[in-house]
Amino acid sequence: MRTFYKVGDIIGKITTAVGWASFALVTAMMLLNVADVLLSKLFSSPITGSYELTQRLLMCAVFTAFAYAQTKKKHINMTIIIGRFPRVPRFVSFALTSLASVAAAGALTWAAAVQGGVALSYGYTTEVLYISLFPFYYIEAIAMGVFTLALLYDAVLAVLAVFRADVAAVVEQDWD
């Protein structure tokens, strides 16, 4: 089990790095919007394309935050009902929903990668600055891939918790 927990530590380091990327993107959005408003109000010269840059930065910031939030157990888990079940049924249901989350996140990862390929092959760009859209979809795909990895780790923990009380205690420590 120690090796498995070490894998969790590695995933935590990866999601923290991706979380820092989210922080940097939000900071860049904030600075861009403040500069745009100041230039607009003080000099009547707004930054061209600042809205579409903010849109793209926001998309990347949101997707890069998912994995970090999962590692820190900040996503909502509706354990109010299953928390009253005996250990085995509790973690069977939790494992099933966790595996469904992995499947959904995996599908979104795949869809983002496909959309990146479509944007690349058709040359999709933004409307004002004509920035290629494919890098943003690939960033989304990478971020969703890391999120899927974090979900998969937690789903495996949930499956192990069906059979092991010590793992169940680890999983439940984050339940409210």
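Student: How do the axes of H3 and H5 cross, and within what distance do they come?
Tutor: The axes of H3 (residues 87–122) and H5 (residues 165–172) come within 12 Å and cross at roughly 60°. Axes here are lines fitted to C-alpha atoms, for helices over the stretch in contact, with angles from 0 to 180 degrees between N-to-C directions. Helices are DSSP runs (H or I, at least four residues), numbered from the N terminus. This is a predicted model, where local features need pLDDT of at least 70 and side-chain atom pairs pLDDT 80 or more, while totals for chains, interfaces and linings use all residues. Residues are numbered from 1 along each chain as its sequence is written, and side-chain values use heavy atoms, without hydrogens or water.

Student: Is that parallel or oblique?
Tutor: At roughly 60°, H3 is oblique to H5. Angles under 35 degrees count as roughly parallel, over 145 as roughly antiparallel, 65 to 115 as roughly perpendicular, and the rest as oblique.

Student: Which residues meet there?
Tutor: From H3, Arg-87, Arg-90, Phe-91 and Phe-94 meet Ala-165, Ala-168, Val-171 and Glu-172 of H5. The residues of this contact divide into five nonpolar, no polar and three charged. Ala, Val, Leu, Ile, Met, Phe, Trp, Tyr, Cys and Pro count as nonpolar, Asp, Glu, Lys and Arg as charged, and the others, Gly among them, as polar.

Student: And H3 with H4, what angle there?
Tutor: The axes of H3 and H4 cross at roughly 165° and come within 8 Å, so the two helices are roughly antiparallel to each other. Their contact residues divide into 27 nonpolar, nine polar and two charged.

Student: Where does Ala-112 sit, and is it buried or exposed?
Tutor: Ala-112 is in H3. Its relative accessible area is 3%, so Ala-112 is buried (buried is under 20%, exposed over 50%, partly exposed in between, with a 1.4 Å probe and protein chains only).

Student: What does Ala-112 touch?
Tutor: Leaving aside neighbours within four places in sequence, Ala-112 is in contact (heavy atoms within 4.5 Å) with Tyr-137, Glu-140 and Ala-141. Ala-112 and Ala-141 are 29 residues apart in sequence, with their C-alpha atoms 5.0 Å apart in space.

Student: Switching to H1, what do its buried residues pack against?
Tutor: They pack against H2 (50–71) and H4 (134–163). Among the buried residues of H1 are Gly-8, Ile-11, Gly-12, Thr-15 and Asp-36.

Student: What comes just after H1?
Tutor: Ser-44, which takes a positive phi of about 50°.
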